[in-house]
Amino acid sequence: MHERSAFAIIRFMKTKGSRILAVRQKLQLTQSAFADMLGGVTRGAVGNWERDQGIKEENLELISERTGVSYEWLATGRGDMDPSQNVAPIPRPTNLVRIPDLNLFGSLGGGGLLEVISGVDNGMPTDPDQLRGFWTFPEYMVSAFRNGRGVYAWEVRGDSMEPTLAGGSVVFVDTEQNQLPPDDIYALDAGDGLVVKRLRLVPRSPHIDVISDNNERYPTDRLLREDVRVYGRIIGWFQWRK
């Protein structure tokens, strides 16, 4: 009876944050331990969720997946947390890597506004509004890139890198590869904001060519190397085929 009463109290909690707090307390975990159990989440993010700040659908899906708690209960408060069994963490596969999908846009053409990520905790933005979600990969796919450490994803817009990259593609940027050469595709700022372009060093010269693959519409710019800030090399991308 006591256990059923406890679940009855939890069932009627009004906010998503209070229900997330209830799950963590049920597991007898600190915010840091709860974040570690979820994987790819910071203690600060858990604290924000419990104050009903920055909670997104994918956060609730992750909590439900890792703990076995009802997603509907987390999202709406309807139904039960799970009165039929004790809440316990579901073992997290150790061979998966999560890449943060940042809430910023890089232009393929005229230049997008770069939002500076104000805080990072173990590779993750501490402000949930700066994070759209995660891309999950088997570890073997990113083992060549420090298992994803320092790699971020974001959406690009425009047509200057077509046919290589279409607007709406998501690029994966290795921010630790921000020194030239080799000649390749990079996320950079040449004075017009965050863009994705191909860079080519001009031999025996202080210049660098900033190249659009759609060169019929967008001519190559030759700039001083010191005027081009490189954020990272594009190591992969995702786009739907039409």
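This is a predicted model: local features need pLDDT of at least 70, side-chain atom pairs count only at pLDDT 80 or more; totals for chains, interfaces and linings use all residues.

Colleague: At what angle do α2 and α3 pack?

Modeller: At about 95°, and their axes are 10 Å apart. Angles of 65 to 115 degrees count as roughly perpendicular, so α2 and α3 are roughly perpendicular to each other.

Colleague: Which residues make the contact?

Modeller: From α2, which covers residues 16-27, I20, V23, R24 and L27 take part. From α3, residues 31-38, the contact uses Q31, F34 and M37.

Colleague: How do they divide into nonpolar, polar and charged?

Modeller: Five of the residues in the contact of α2 with α3 are nonpolar, one is polar and one is charged.

Colleague: On to the cores. Which residues touch the most other members in the largest nonpolar core?

Modeller: V23, F34 and W49 do, in a core of 21 residues. At least two residues of this core come from each of α2, α3, α4 (43-50), α5 (57-67) and α6 (71-76).

Colleague: What is V23 in contact with, leaving aside neighbours within four places in sequence?

Modeller: V23 is in contact with F34, I63, T67, V69, W73, L74 and M81, once those neighbours are left aside.

Colleague: New topic. How many aromatic pairs does the structure hold?

Modeller: Four. One of them is W135 with F172: the ring centres are 5.3 Å apart and the planes are at 85°, so the pair is edge-to-face.

Colleague: Where in the chain are those two?

Modeller: W135 sits in strand β4 (residues 131-138) and F172 in strand β6 (residues 170-174). The two are 37 residues apart, and the pair links distant parts of the chain.

Colleague: Is F172 buried or exposed?

Modeller: F172 is buried, at 9% relative accessible area. W135 has 23% relative accessibility and therefore counts as partly exposed.

Colleague: What about the rings of F238 and W240?

Modeller: Their centres are 5.0 Å apart with the planes at 85°, so F238 and W240 are an edge-to-face pair. F238 is partly exposed at a relative accessible area of 30%, while W240 is exposed at 76%.

Colleague: Which residues form the aromatic cluster?

Modeller: W135, F137, F172, F238 and W240 form one cluster.

Definitions and conventions: Residues are numbered from 1 along each chain as its sequence is written. Side-chain values use heavy atoms; hydrogens and water are left out. Axes are lines fitted to C-alpha atoms, for helices over the stretch in contact, and angles run from 0 to 180 degrees between N-to-C directions. Helices (H or I, at least four residues) and strands (E, at least two) are DSSP runs, numbered from the N terminus. Angles under 35 degrees count as roughly parallel, over 145 as roughly antiparallel, 65 to 115 as roughly perpendicular and the rest as oblique. Contact means heavy atoms within 4.5 Å. Ala, Val, Leu, Ile, Met, Phe, Trp, Tyr, Cys and Pro count as nonpolar, Asp, Glu, Lys and Arg as charged, and the others, Gly among them, as polar. A nonpolar core is a set of buried Ala, Val, Leu, Ile, Met, Phe, Trp, Tyr and Cys residues joined through side-chain atoms within 4.5 Å. Buried means under 20% relative accessible area, exposed over 50%, partly exposed in between (1.4 Å probe, protein chains only). Rings of Phe, Tyr and Trp (its six-membered ring) pair if their centres lie within 6.5 Å; planes under 30 degrees apart count as stacked, over 60 as edge-to-face and the rest as tilted.
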